[in-house]
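Please open the model below in your viewer and follow the stops in order, selecting each group of residues as it is named.

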Amino acid sequence: MEYKELYRLADKAKKNAYVPFSHFQVGAALLTADGQVFTGVNIENSSFGATICAERTAFVKAISEGQLRFTAIAVASSGGEALPCGICRQFMYEFCPNLDVITGEDENSLRMRTLEQLLPEGFRLEKE
Ligand code: THU
């Protein structure tokens with residue numbers, strides 16, 4: 001799938017964001033190695049720390065459906081280019097340090113960075 005199309009899916013997903021506090025909608029579209037797409041949105045909470053970002057929502061949906069191999073994630077927001085936060089970078093690093101991360105203000109100004117660029121020398125325990 002083209003990254004522009006993946007970004008479009010992220011952009012479309014963001015309408016379901018639950019954002020009564022920030023009003024900042026974020027949508028993510030996660031592409032699996034076998035070509036499936038799982039979308040996610042940010043879901044805020046009255047206890048602010050319980051908020052989950054769109055990127056982690058997409059990962060949680062995919063992993064709970066049995067997916068563990070990923071190629072790319074696109075992120076779109078209602079407020080310009082949104083880069084994954086530090087918690088999401090670490091969360092995603094667990095599964096795919098070489099993930100392509102697609103961001104941009106709109107589909108015509110996309111930027112691709114690898115997760116390793118966004119989180120150099122990230123932390124991961126040896127898997128048993
Ligand atoms: N947020 C995301 O969902 N993803 C990002 O990449 C940046 C931040 C959310 C969390 C919160 O609901 C809102 O954006 C403002 O921080």
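**First stop: Lys-14**

Select Lys-14, which you will find in the loop between helix H1 (3–13) and strand S1 (26–32); helices (H or I, at least four residues) and strands (E, at least two) are DSSP runs, numbered from the N terminus. This is a predicted model, in which local features need pLDDT of at least 70 and side-chain atom pairs count only at pLDDT 80 or more, while totals for chains, interfaces and linings use all residues. Residues are numbered from 1 along each chain as its sequence is written, and side-chain values use heavy atoms, with hydrogens and water left out.

Lys-14 is buried, with a relative accessible area of 15%, where buried means under 20% relative accessible area (1.4 Å probe, protein chains only). Not counting residues up to four places away in sequence, Lys-14 touches Gln-25, Val-26, Gly-27, Val-41, Ala-76, Ser-77 and Ser-78, a contact being heavy atoms within 4.5 Å.

**Second stop: the ligand**

Now select the ligand together with the residues that surround it, among them Ser-22, Phe-24, Val-26, Thr-51 and Cys-53; such a residue has a heavy atom within 4 Å of the ligand. Show the side chain of Asn-42, where a polar atom lies 2.9 Å from an oxygen atom of the ligand, and then that of Glu-55, where the corresponding distance is 2.6 Å.

Finally, select helix H2 (residues 54–64), whose buried residues are Ala-54, Glu-55, Arg-56, Thr-57, Ala-58, Phe-59 and Ala-62. The elements covering these buried residues include S1, strand S2 (37–41), strand S3 (70–77) and helix H3 (86–93). After H2 comes Gly-66, with a positive phi near 95°.

Terms used. Buried means under 20% relative accessible area, exposed over 50%, partly exposed in between (1.4 Å probe, protein chains only). A polar contact is a pair of N or O atoms within 3.5 Å; within protein, one must be able to donate a hydrogen and the other to accept it, and residues adjacent in sequence count only if both atoms are side-chain atoms.
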